[in-house]
Amino acid sequence: QDLLETSDVVSLHSAANRITAEMICAETLSWFKRSAILINVTGGALTNAVELKVALLEGRLGGAAVDCPEGVTWLEAWVRDVPNLIVTPHVGFFSDQAFAEQRRNAASGVKLFLKTHGDGGGRDASGGGGGRGGSDEVD
């Protein structure tokens with residue numbers, strides 16, 4: 001509560017799950033400074049969309065930026081009605097950097113599995129022998 005009451009900008013980067021679902025709701029929105037800006041890069045699941053819209057329209061929140069709103073109807077209504085809102089499509093994972101990171105993460109996962117469970121051939125994923133050598137990073 002103290003964090004929300006004193007922050008000028010709050011940026012949400014949490015995974016969406018049953019614990020974080022609608023963590024920004026009527027109660028938590030009431031703790032924000034009237035001039036504060038909320039940035040939600042995770043998508044709509046972390047905020048109660050109706051309560052966020054009401055807070056923006058009533059001037060209880062300075063502004064918001066939301067990534068990946070839920071549904072075309074939601075998007076059209078919000079863009080038309082809420083001038084202190086920025087809406088972006090969820091496309092960050094389409095970048096070359098994101099694809100490279102996905103490949104590195106997958107290769108690291110396979111390498112870790114082979115190092116801890118063995119690959120049946122006595123070699124680790126880096127091509128070395130003994131199952132324990134090599135680096136933890138994938139080139």
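**Close-up views of a predicted model**

**View 1. Strand β2 and its partners.** Four bridges connect β2 with strand β3 (residues 63-67), and these two strands run parallel. The model shown here and in the other views is predicted. Strand β2 (residues 37-40) has Leu38 and Asn40 on a covered face, while Ile37 and Ile39 lie on the uncovered one. Together with helix α3 (residues 49-57), strands β2 and β3 form a right-handed β-α-β unit.

**View 2. Thr20 in the loop between β1 and α2.** Thr20 is located in the loop that joins β1 to α2 (26-29). With a relative accessible area of 11%, Thr20 falls under the 20% limit and is therefore buried. Its contacts, leaving aside residues up to four places away in sequence, are Ser14, Ala15, Ala45 and Leu46. Of these, Leu46 is 26 residues from Thr20 in sequence, and the two C-alpha atoms are 6.0 Å apart.

**View 3. Gly62 in the loop between α3 and β3.** Gly62 belongs to the loop between α3 and β3. The residue is partly exposed, at a relative accessible area of 35%. Residues up to four places away in sequence aside, Gly62 touches Arg34, Ser35, Ala36 and Asn84. Gly62 and Lys33 are 29 residues apart along the chain, and 8.0 Å separates their C-alpha atoms.

**View 4. The salt bridge between Asp8 and Lys33.** The closest N and O atoms of Asp8 and Lys33 are 2.5 Å apart, and the two residues form a salt bridge. Asp8 is in the loop between α1 (2-6) and β1, and Lys33 is in the loop between α2 and β2, so the pair ties together parts that are 25 residues apart in sequence. Both ends are partly exposed: Asp8 has a relative accessible area of 48%, and Lys33 one of 28%.

**View 5. The salt bridge between Lys53 and Asp81.** The side chains of Lys53 and Asp81 meet in a salt bridge, at 3.3 Å from N to O. This pair links distant parts of the chain, with Lys53 in helix α3 and Asp81 in helix α4 (residues 72-81), 28 residues apart. Lys53 counts as buried at 18% relative accessibility, whereas Asp81, at 34%, counts as partly exposed.

**View 6. The salt bridge between Glu58 and Arg60.** In this pair, the side chains of Glu58 and Arg60 meet with an N to O distance of 2.8 Å. Arg60 is partly exposed, with a relative accessible area of 25%. The count for the model comes to three salt bridges.

**View 7. Helix α5 and its buried face.** Helix α5 (residues 96-117) has 22 residues, which at 1.5 Å a residue should span 32 Å; the end C-alpha atoms are 32 Å apart, in agreement. Ala98, Ala100, Lys111 and Lys115 are buried in this helix. Seen down the axis of α5, the buried residues fall within an arc of 150°, so they line one face of the helix. An α-helix has 3.6 residues a turn, so residues three or four places apart point the same way. Arg103 and His117, on the other side of α5, are exposed. Just after α5 comes Gly118, which takes a positive phi of about 80°.

Technical notes. Residues are numbered from 1 along each chain as its sequence is written. This is a predicted model: local features need pLDDT of at least 70, side-chain atom pairs count only at pLDDT 80 or more; totals for chains, interfaces and linings use all residues. Side-chain values use heavy atoms; hydrogens and water are left out. Buried means under 20% relative accessible area, exposed over 50%, partly exposed in between (1.4 Å probe, protein chains only). Two strands pair if DSSP finds at least two bridges between them. A crossover is right-handed if, with the strands pointing away from the viewer, the path from the first strand over the helix to the second runs clockwise. Contact means heavy atoms within 4.5 Å. The expected span of a helix is 1.5 Å times one less than its number of residues. The arc is that of the directions from the helix axis to the C-beta atoms. A salt bridge is a side-chain nitrogen of Lys or Arg within 4 Å of a carboxyl oxygen of Asp or Glu.
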